[in-house]
Amino acid sequence: MKKKGIAILGSTGSIGTQTLDVVRAFPSHFDVVVLTCASNATLLVAQALEFLPQAVVIINEDLLDFVRSKLSHTSIAVYAGISALEEVVQFEAIDVVLNAIVGAAGLRPTVKAIESGKDIALANKETLVVAGELVMQLASKHQVKMLPVDSEHSAIFQCLAGEEKNPIEKIYITASGGPFRGKDRSFLSSVKKEHALKHPNWVMGAKITIDSASLMNKGLEVIEAKWLFDLEVDQVDVIVHPQSIVHSLVQFQDGSMKAQLGLPDMKLPIQYALSYPNRLENNFERFNFLDYPELTFEKPDMATFRNLALAYDSLRKGGNRACVLNAANEIVVDSFLNDKISFLGMSDVIEAVLEKVNYLVRPSLDDYIESDYEARRIAREIIIK
Ligand code: NAD
Ligand code: MG
């Protein structure tokens, strides 16, 4: 069997390192062709020496010499800078590009990989939040697979296997509710990043952990699901499920519901995206019903966690709205992590930015990039005031 050639964009992050755990467990199935990261040069070098890819990319150009010197005794090509990502995803030996970059920075490399005919294993949900319509059209034009890595979307994707001809009535995306589930606005007015960074069920990168606490992550996932599964906004519902065992559900036209369950561990959706359509035997811990005698479900509180409502509004309005929402969110999350804005202040800024950036009905890729830039500029301006 020919090994699958994999490019891992964002290999030093939470998803990136777990992807390498999966690859390490199946050396006869997967071959690492490209590794990239923003600035964790030491880890990138260690990964490169272990997996011997054709090339690595370090986004921070100041670290190019360091990475080059550490890999000079190998045949690994070393690139630097954001535009190098668009070059390396085209390598002949790549079958799947696993995009685990955080933020809208993941969009251009996804687009380039699709244009080069590579299948996409997508953790970078922001790609679809910013430009879902355009990206899915491109994927269909180039006949590449969009394989979800996000656990909820992987769950839905797994439920849909064999159901290709059966229309979906509705999907339910499950949400843990994050560390502040059940709290009111007066409690949230004083929470700090230390509280928000403690997720009850998942260990993830800082940005998605804050997004999970503010429910923006669920908002982004609703948008991601709409485009991935070609649904109307009203077909995508969110249900809070604090145990994070049911990873999401599909309801078909006859009322039958299929769910995918398992312990919260991203390695499973990562593995499924890489091995699809096959399943590979592994030794991950198995779920035991008796450890979870109660699986519970509740309605999300969109009045307290306004980000989820803002995400639904943006999706309904369409055009560049979700792109603006995402860009503003990236700035407010960064500001919250740097103690420059309060937890509740994040939604206020996002709402103000949505009001200020020009509405475009059918944006091109360049329009999206321009809207993203404009939204960030306005968000920073509001925060400084
Ligand atoms: P992370 O912060 O742990 O890692 C991000 C990776 O991207 C790092 O390798 C970093 O070097 C690289 N990177 C950061 N900024 C970059 C830029 N501007 N250009 C190029 N590379 C850059 O993030 P993560 O938690 O692994 O999340 C990655 C993506 O996966 C996000 O879109 C997130 O929403 C999604 N996701 C993560 C999880 C999870 O469990 N961590 C679950 C579902 C979805
Ligand atoms: Mg998710």
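**View 1. Ligand 1 sits in the largest pocket.** The model shown is predicted. Around ligand 1 there are 23 residues. The closest of these are Thr12, Ser14, Ala38, Glu126 and Gly205. Sorted by class, this shell consists of 13 nonpolar, seven polar and three charged residues.

**View 2. Side chains of Thr12 and Glu126 make polar contacts with ligand 1.** In the side chain of Thr12, an N or O atom lies 2.7 Å from an oxygen atom of ligand 1. For Glu126, an N or O atom of the side chain is likewise 2.7 Å from an oxygen atom of the ligand. Of the 820 Å² of accessible area that ligand 1 has on its own, the protein covers 86%.

**View 3. The backbone of Ser14 contacts ligand 1.** Here a polar backbone atom of Ser14 is placed 2.9 Å from an oxygen atom of ligand 1. Ser14 is also listed among the closest residues to the ligand.

**View 4. Cys37 is a buried cysteine.** Its relative accessible area is 2%, and Cys37 counts as buried because this value is under 20%. The structure holds zero disulfides.

**View 5. Cys159 is also buried.** The relative accessibility of Cys159 is 4%, so this residue too falls under the 20% limit for a buried residue.

Conventions: Residues are numbered from 1 along each chain as its sequence is written. Chains are lettered from A and ligands numbered from 1 in the order in which they are written. This is a predicted model: local features need pLDDT of at least 70, side-chain atom pairs count only at pLDDT 80 or more; totals for chains, interfaces and linings use all residues. Side-chain values use heavy atoms; hydrogens and water are left out. A disulfide is a pair of cysteine sulfur atoms within 2.5 Å. Buried means under 20% relative accessible area, exposed over 50%, partly exposed in between (1.4 Å probe, protein chains only). A residue is near a molecule or strand if one of its heavy atoms lies within 4 Å of it. A polar contact is a pair of N or O atoms within 3.5 Å; within protein, one must be able to donate a hydrogen and the other to accept it, and residues adjacent in sequence count only if both atoms are side-chain atoms. Accessible areas come from the Shrake-Rupley method with a 1.4 Å probe; for residues, only the protein chains shown count as cover. On a 1 Å grid over the protein atoms alone, a cavity is a set of points where a 1.4 Å probe fits but cannot get out, and a pocket is an open set with protein on both sides within 12 Å along at least five of seven lines; lining residues have an atom within 4 Å of a point. A molecule sits in a cavity or pocket if more than half of its atoms lie within 2 Å of its grid points. Ala, Val, Leu, Ile, Met, Phe, Trp, Tyr, Cys and Pro count as nonpolar, Asp, Glu, Lys and Arg as charged, and the others, Gly among them, as polar.
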